[in-house]
Each structure stands twice: as C-alpha cells, then as structure tokens.
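Hi,

Here is the structure I promised to pass on. Have a look at it first, and then read my notes below.

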Amino acid sequence: MKISPLAGKPAPPEILVNVSKLVAAYYTGVPDPSVPGQRVAFGTSGHRGSSFETSFNEWHVLAISQAICDYRAGQGINGPLYIGIDTHALSQPAFDSALEVLAANGVETMIAAGGEYTPTPGISHAILGYNRARTTGLADGIVITPSHNPPDNGGFKYNPPNGGPADTGVTGWIQHRANALLESGLKGVKRMPLAQARKAATTHAHDYLNAYVADLGNIIDFDVIRSAGIHLGVDPLGGAGVHYWAPIAEHYKLGLTVVSEEVDPQFAFMTVDWDGQIRMDPSSSYAMQRLIGLKDQYDVAFACDTDHDRHGIVTRSGGLMEPNHYLSVLIDYLFQHRPQWNKRAAIGKTVVSTSMIDRVAKRLDRPLFEVPVGFKWFVDGLFDGSLGFGGEESAGAAFLRRDGAVWTTDKDGIVPALLSAEVTARRGRDPAELYRDLVRELGKVVADRIEAPATPEQKAELAKLSPQQVQSTELAGEKIEGVLDHAPGNQAPIGGIKVVAASGWFAARPSGTEDIYKIYAESFKDEAHLRLILQQAQKIVDGALAQH
C-alpha cells in the first residue's frame, strides 16, 4: 500500500468535500441503469456510492425504498419500520426521500425523536425489543449510512425482523426489484411530499437514545467500572452516537470525557487516512491521531465510526490496539466473566480474523464458528444464544447480554468500547497489557494486510479463485495443510481463498464495498516469514488477475 504524504495529518482545505454541490448532485443526477456502477448493488450489507458518481442519489433511494416496501408486503412484514441516519451529508436527503416512499406505502415508520442521529446498533436493538415475544406484526429497519467511508459517500442498509444485516437472498431480491424500478424510470414508486410524509398518521417519533442507554446495564457491568474510579475518554468521530455518550456517562455515573461533540459533514476535524482520503475508521492509526495524542490522559479511551458499529480502543500502555488484538482480549475476558451464558456458546469469527482467537477458543474449550466476511453470518447464532460472540477483523463485534439473551444482531461499536472499561476496571490492567499476557502464553502472531485497486471484472475473477488454481504445495517453506474456498463453520463460499500452513496463513478476497482486493496474512514465526507468505500470496493473486 502506498501511504499518502497527507496520512495522519489534519485534512487540508483542498480535499474537503463541497457539501452543497454533493447534495445538489443527489437531487439532480439521473442514473443510467445500463452502466454497472450506476445500478443498485448491495455489498456485504447495503448499497453505497456517491452522488458525484451517480452511484448514490435520489433515484437509488426512491427505488430501494419502494423495493423494501414491496419485499415487506410479499413477506407479510407489517409491523413498524425503525429508521435511522448517521452524520454523512447525504444521509438526511436520503432519509427524506425514503420517508416520502414509506409514508406513501402506508408503512408505520419510527423516526428518531427530535431529528436525532441513530447508531446502527440502536436500530437493531429497537427491532429486537419490539419483536420480543411476538410472532406476527414484526418490525424491521433501515439504516442510512455508508459506515466509516469518506464524506462524499452515502449508504442504505436493510435489517429484516431478526435485527441483523439482511442476507444475500433478501438483498438480492431488493436489489433486483430496485434496478427494475430504475429501468422503468421509477414507474411503480409510490411517493408523497415530504411535509405530508412527516405529518402522516403512520410516521411516529421514537426515542432511540434513551431506550438504548437505559438498557446498557444489562450487557456491561457498570458497577465494576464505577467502583474502580477509572477515567475514560471517547471520540465519537463526529458520528451518529455523538449525543449518546454524555447520557451514558450521566446515567451510569462514569468518569467519561467526550473529546468532541462536533458534527461536520465535511469531517474537517479528522486526520487523513493512509490513502489521502478522509475516513472515519477507528481502527486506523492515521485517522485516530486526535485520540492517540490524548492517550496518557485516560486509563482507557475509545472511538467509534460514523454509524457507531465499529470500535477502536486506545490504551495508555500501547496506543491504538490492532482490532484483532482487542477481539482476542475481549473473547478471553467475556467467556470467563459471563457465567450465565450457555456453557457451549460458540465463538464466531471471520476467516480473515486472527488465529490468536483459535488459540484462545481452544484454551477456553469453546467451539469456534468460522464464517466468510460479513456480519450477517453471525445473526442466527447471536439471536438464539448459540454464539456468545461474533466478531470481524475490521473491528465489528456483538455479544450477548449478561444473562445470555440476545442484545443486538448487528455490529455494536458502543458496547465493545464500554467493555474495554469493564475489562480495565476488573483486571486492573488495560487491554493492551492483557494482550501481551496472551502473547506470552499462546505465542506471538505477526500480521499484515495488503490492499490494491481492482476493477469489477478483476474482483469477480478473484472471488472465483479455487483451490485448484493454487499449484504450490508449500507456503513460505512449510507444507500447505489446507486451501479453503468455503468457510469451516458453515461451509459458505468465502468469495476468494484461504491457504493454511502450520505456522501461518493468507486469505485473498475482493472488497464487498470498494474497487479493491485485500490480502490478509499471519505468521506465528516472525516478520521475515510473514513477508514470504505475502510474496507468495501476491503471486497467486496476480496470476488470477492476469486472466483479465
């Protein structure tokens, strides 16, 4: 990866998005359905794009919203629809467009009281809370967010009644229907004026913030945090949970400092990410310079991305933690301090998450559930309690309530962030120190990830990589023990390959949301061994892409 000279520095004015032009493009652009990049395309969980590229604008939102209404009607989903937005500039216009369609279709729509922003976990929490003990009249939801992605992006996600990200069967149906509506010039889209939609009998205000905050005591042990008297810091990164943190601190009487409550659609307060773009990624040290600079002021500090479904942990002893390191500590702690969980509740991880988790699971004598990338694979297990934890390498995770019941079935950045405080308070040491304990006990893992540009055609080729295309019998001097194109936990295709040897592995797959491919690798030996693995992985990927 070529690191930009801007990486880690304050965003210069010339790279800031022109918000008025971006919003104008949302309303004036007309997508051409014959151009693949201008069609509706659900990635790992939703549709994402920019109005500047005619890949996310009013036409897309109207078409997707009508497709969701049609899907609900076909499935007999007739309870309320919970809808929330993040702080990206395109989120409010997209919300307005969606509400015009939802109201015209007679959908009971729950909008945030006072026009508040709503984190992704707030929507999942609301859906599950409403549906508890119900078998009919079930609720579902929409989250309008492009996650941590740049300020010119917009995004639109659908969560069915299980509260989690919709699976490919659902998103495929919605995508197909939305594109048909685009092709017809939006014929079949029901819509009413925004002022009328806001006043419609089916539009209701819902207090997501207080419902979520009041329930947090059922998943985090705040008594332990309070009694330890530790000082915490949080940087909401100008995201959807920006107004949640002060009420959390007040409700649970925490020594929590909110570093900034600034909301700015340009995200001009951010330091620039590795590639010269502004990206609200709490796992990137380049993007997290503000909180890293304050680390010595807190016992532990944390941040969340724009829709607050990812977390980043900053410790006094080690700065910003690698997501894989914190997930390992989190799992090790939870399964020893949640006695009411099912004794056979499994640990869920993606195929590209660290193998340190495998070692922790083995030591805890817990089953491991290894799935493809995408949080949707954890939904059923979190819902029924057979998974105690589900986590992704990109700092997305969710786990059960303290009593073993479901909390959310979508990623929740707020809860893992707060757990870092519980861990620090109970153990008397921060999560980075606890990870070093795991290394001493279970071995050191060195890891890296490569990202490189790839066209949609190259991404399709990479997704079809098969074990037969890997001619080597050795990986960095060791016998290859397995070449996987299906995940061990559920036998679902991983959309790429994973090559495993005794002391290391790599996985190669296209991104579900960006025009890039990713190679993940780990070594249990050293940095030199890791480089050998990456070199070999790159050759295999280059060979596959050369076919296009």
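Predicted model: local features only at pLDDT ≥ 70, side-chain atom pairs only at ≥ 80, totals over all residues.

Let's start with two strands that run parallel: S2 (residues 81–85) and S3 are joined by two bridges. Strands (E, at least two residues) and helices (H or I, at least four) are DSSP runs, numbered from the N terminus, and two strands pair if DSSP finds at least two bridges between them. Tyr82 has Met110 in S3 as its bridge partner. To get from S2 to S3, the chain passes through helix H3 (residues 91–104), and this β-α-β crossover is right-handed (with the strands pointing away from you, the path from the first strand over the helix to the second runs clockwise).

Residues are numbered from 1 along each chain as its sequence is written, and side-chain values use heavy atoms, with hydrogens and water left out.

Back to S3 (residues 109–112), which is covered on both faces: Thr109 and Ile111 on one side, and Met110 and Ala112 on the other, are all buried (under 20% relative accessible area with a 1.4 Å probe, protein chains only; exposed is over 50%, partly exposed in between). S3 is also joined to strand S6 (residues 203–206) by four bridges, again running parallel, and Ile111 stands opposite Ala205 in S6.

There is also an open sheet of five strands with mixed pairing, in the order S8-S7-S9-S10-S11. Its edge strands, S8 (255–258) and S11 (319–320), each pair on one side only. Within this sheet, S9 (residues 300–304) and S10 (residues 311–315) run antiparallel and are joined by five bridges.

Now for two helices. How do H12 and H15 lie relative to each other? The axes of H12 (residues 356–364) and H15 (residues 431–442) come within 11 Å and cross at roughly 75°. H12 and H15 are therefore roughly perpendicular to each other (65 to 115 degrees; under 35 is roughly parallel, over 145 roughly antiparallel, the rest oblique). Axes here are lines fitted to C-alpha atoms, for helices over the stretch in contact, and angles run from 0 to 180 degrees between N-to-C directions.

Cheers
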